[in-house]
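Subject: Model for you to look at

Hi,

Here is the structure I promised to pass on. Please have a look, and then read on for what turned up in it.

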Amino acid sequence: MGNADAVIALKTVSFSYDEVHWILKGISLEVSKGEWVVVLGHNGSGKSTLVKILGALQIPSRGACFVCGRDTRDGASLADIHRRVSLVFQDPESQIVGAMVEDDVAFAPENQGLDASEIERRIDWALKKVGLSRKRGALSSALSGGEKQRLALAGALAADAVCLVLDEPTSMLDPEGRIEVEEILRDLHASGTTIVQVTHRLEDVVEADRALVLSQGQWAWQGRSEDFWDRAELLGFRLPPSLELKRRLASRGVAAPSSSVADLARAVAEILPKTGEERKSTDFPMGPASCWSDSFQSDEERVAPPHDILFETRGLGHSFHASTPLEVRVLKNVSCLVPKGKWCSVLGRTGSGKSTLIQHLNGLYAIQSGEIFMEGKPLSRRSAELRDLRRRIGLVFQSPEDQLFSPTVYEELAFAPRNWGFSAEDADRSVRRAIENVGLGEAYLERNPLRLSGGERRLVAIASTLSADPECVVLDEPTAGLDARYRGKILALLSRLKEAGKTIVTVTHDFEMAFEYSDRLLVMDEGAKICEESVRQALPVLLETGASMLPKILRITSLLRERGASVPLTWDVNELFAKLVS
């Protein structure tokens, strides 16, 4: 088999779901015991299919896959293989099997025939590792999307496998949750666990021993992680802002010892124009910013909220499993506005109630307490009016799989227009206009939506919503798990929709997207509204309440301003560097 220490070995593996479209094309790979390998690639390159093959959920169409020396084609070996390799998928709901959190974590150890005390130990350990100990007795269905991803990871950890294969394990998490999971993976790697991680986040390469780039089903590059950065842009990747800042600083002869906020702030300070008023200290404490320029809030941004309001919530409250011992209060007296024709982003930590809030806007959740007004009128619960509401307000879920059900993309996109009574000709025009608007092209119309890549599925989900021509589009984590190219496509699409007069509401952990594109931000924490302001007005509040969640460049400029430096408070490395070289 080659390397005797190989935990995983692929031998010229090819894979196709239909013997026509080949997802993987003759790739080979060896992963040694204790190695951390990161697999990068644009959406549609075959990464998720690779994950299924590595975990013996798919058998290669050609070639062979060996796990700890066992051939995945040998059915008698599968049970042993599944004990040795644990998978965590991009969509956590696809692998959560227990109704209760503790039951789901116990599933693998129970199937391994372990005694009760060992199962209990593993449950406690795994939940503590992922920060879900306090949710042990909760219903799995009551968790937020990010919490479900933590639960999926806990279930994989409880299996105590020698190898973890991870498909975008942090894509649904807020930045704080992402940092916690990264720490878990570092601990596991240090203890000897082999890790294969599929990711779009280039920051994950820093921790890995080796990086591989998959493109159209074949390896485009393989090498040590430290050698990746010189090839990243040639391979079509965009450097993360903090690494781009390090590169630009190096071109000015300044090196930062790490990518921490404090080290990068010190490095930036070295090339700032010095004035007599600036402090000489190089000590950069990590506290929140305490000084703000009055120029932050222009007169335009100080004006009262616009009168042309699409939605208004007043004192909205909601609980899952209300009036039972399992009650979880997820919204607490939330009052907010959604102006017509604007882009509003809802921000907050995982589990802060963001998704529950926006699912009230088209009547998916009944109002338990408080009020919702649409164009000044109370939201109705009558069937006919709810039907009209759901045509006017299009909702795209966090996981596109939750709303894709038709055998072809065409049928998926035609469902809503037909449901609303469009003629056959009008429905066909709507389908073709929608697929063109999302940039996929008519060649996709006959394909099975569930066999598309993650980015393509998300675009199809958006297109299925747009085909009914709603006046407001509400999207839950529209850029999660997407590469830069698909992220750019979606942002360009939403910008065009806004320019055409549509109202856009996004729930997101993508702070750069929210800051750059939004007109207003609604910031939530533990089910309550923290602030609702324009972007510039919200920045000081965000820095005071959740600095570790925010983009590094923003935290760096905040720290520099606190030290008296004349730099803009920005999340954009180009804006910051323009000041540095001026």
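Which residue takes a positive phi in the hairpin of β19 and β20? Glu 526 does, at a value near 50°, and the hairpin has two residues between the strands. Helices here are DSSP runs of H or I with at least four residues, strands are runs of E with at least two, and both are numbered from the N terminus. β19 (residues 520-525) and β20 (residues 528-533) run antiparallel and are joined by five bridges, with Leu 521 standing opposite Glu 533 in β20.

Before going further, a word on the source: this is a predicted model, in which local features need pLDDT of at least 70 and side-chain atom pairs count only at pLDDT 80 or more, while totals for chains, interfaces and linings use all residues. Residues are numbered from 1 along each chain as its sequence is written, and side-chain values use heavy atoms, with hydrogens and water left out.

Next, the sheets. Two bridges link β4 (residues 62-67) to β5, and Val 67 has Arg 70 as its bridge partner in β5.

Six of the eight residues of α1 (residues 47-54) are buried, that is, under 20% relative accessible area with a 1.4 Å probe, protein chains only. Among them are Leu 50, Val 51 and Ile 53. Just after α1, Ala 56 has a positive phi of about 65°.

Another open sheet of four strands runs β12-β11-β14-β15, again with antiparallel pairing. Its β11 (residues 309-320) is joined to β12 by eight bridges, and Thr 313 stands opposite Cys 336 in β12.

Finally, a helix pair. The axes of α13 (residues 409-419) and α14 (residues 424-437) come within 9 Å and cross at roughly 125°; these axes are lines fitted to C-alpha atoms over the stretch in contact, with angles from 0 to 180 degrees between N-to-C directions. Residues that meet there include Leu 413 and Pro 417 in α13, and Val 431 and Ile 435 in α14.

Best wishes

Definitions and conventions. Contact = heavy atoms within 4.5 Å. Pairing = 2+ DSSP bridges. Buried < 20%, exposed > 50% of the residue type's maximum accessible area, 1.4 Å probe, protein only.
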